[in-house]
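Dear colleague,

Please find below the structure that I am handing over to you. I would be grateful if you could look through it before reading the notes that come after it.

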Amino acid sequence: MLTPSPKPPLRWLNLLVLCLPILVCVTLVPWYGFTYGYDTYEWIWFGALMVFCEMSITAGYHRLWSHSAYKAHPILKSIYALGGACALQNDCITWAADHRRHHVYADNNDKDPYSAGLGFWYSHFEWMLRDFESTREDYSNVKDLLKDPVLVWQRKHYLLLMLLMNLGLPLLLGLLHGDIWGSLFLAGFLRLVLSQHFTYLINSAAHIWGQRSYDPNQTARDNWFIALFTFGEGYHNYHHTFAWDYRNGIKWYHYDPTKWLIKVCSWLRLASDLRFCSNYRVELTRLAVQYNAALSKCELLIEPANWRDSIEHEYTQLVDALNQWSQAKQAWYQARSTKLSVEIHHDFELLQSRYKAFRSQLHQQQQNWHSLLHSFSHLQTS
Ligand SMILES: [Zn+2]
Ligand SMILES: [Zn+2]
């Protein structure tokens, strides 16, 4: 593991702001819980503010502002800006500048602000605690965001907003309930520390454990378990490959509440222009990774036999089937979206049955490919 040497000086303000709440969480929060107890009201507000903070980061700071994966109504942007201040992860312009550099220079220890190449601790937390050169402020990559009035407003009043959301709101909730300390400890401190560290897991754990199905040449991984804590951001290899997609978990069963929130917001007309990668391109990318990995393994086989030929043959067949399916689907969808007259109704049905035939052919080809890879995975290499 590489570590910068000698270590740059500490950022004392960051150290204080980030570590003091942790100290409160491991001492006063459990002490108060055991001595006086927390009630349902306090736990509900803890949960609600957790969702508010984390989703403002994932749907707002990350997918909306850092990656322009969709457009949002100023009302939604304002909610995200308040939630971002509540999450205490810096103002959005600074956050997005770091994050865009993280994508452009991913794993470059000198330029990626939270490079996974420098280890779990660095990418999770240490990058904020010291004056590393890669973490110095540079706004050259966020000129678009510097023109966003909501973000300019958030940046201008960040200190006040941060205090209001992190101290003012929990205190108000406590006053209304008659227990200031209970709300301050749960909805204030515990919520803050957990929401921050759940987000940090994306930079650390999601670059260490999981699958690399779309781009094996980078450290970002797809990990459903991390997605559970990060509101869907655990599908990080996909995200680093198609960063402009408003989804991170692309299958319907992938746990990605952020994508569901954005979708619901689009139905409410609070979000629009949702960008996503076609199934065709996603599948082609995934297959190319499997194909290249299989060919590399062929070089190392003790008994190569005809494996290389079989893999090349099946891969070509599968890509052909994928192309035919995609073209037939496009033709059918196009016909479906245009107004159908009685005369062309017959053509429409033809296109539909053609699409269905290519779809089942593709399924068959996928099964062949998977069973070939399955048998191949048991072979011994030198
Ligand atoms: Zn990343
Ligand atoms: Zn990103």
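Predicted model: local features only at pLDDT ≥ 70, side-chain atom pairs only at ≥ 80, totals over all residues.

The domain assignment divides the protein into domain 1, covering 12-272, and domain 2, covering 279-377. Between the C-alpha centres of domain 1 and domain 2 there is a distance of 38 Å. Contact between the two domains involves five residues of domain 1 and five residues of domain 2. On the side of domain 1 that touches domain 2, three residues are nonpolar, two are polar and none is charged.

The helix I would draw to your attention is α5, which runs over residues 92-104 and has 13 residues. From its first C-alpha to its last, α5 reaches 18 Å, close to the 18 Å expected at 1.5 Å a residue. The buried residues of α5 are C92, I93, W95, A96, A97, D98, H99, R101 and H102. Among the elements that cover these buried residues are α3 (40-66), α4 (74-87) and α7 (149-156).

The residue is F185, which lies in helix α9 (residues 180-203). F185 counts as buried because it has 26 C-beta neighbours inside 10 Å, where 20 or more are required. Leaving aside residues up to four places away in sequence, F185 touches L28, V29, Y32 and L190. F185 and E42 are 143 residues apart along the chain, yet their C-alpha atoms are separated by 9.2 Å.

With kind regards

Key: Residues numbered from 1 in each chain as written. Chains lettered and ligands numbered in written order. Helix = DSSP H or I, 4+ residues; strand = E, 2+ residues; numbered from the N terminus. Expected span 1.5 Å × (residues − 1). Buried ≥ 20, exposed ≤ 12 C-beta atoms within 10 Å, placed from the backbone. Contact = placed C-beta atoms within 7 Å. Domains from an automatic or database assignment. Nonpolar A, V, L, I, M, F, W, Y, C, P; charged D, E, K, R; others polar.
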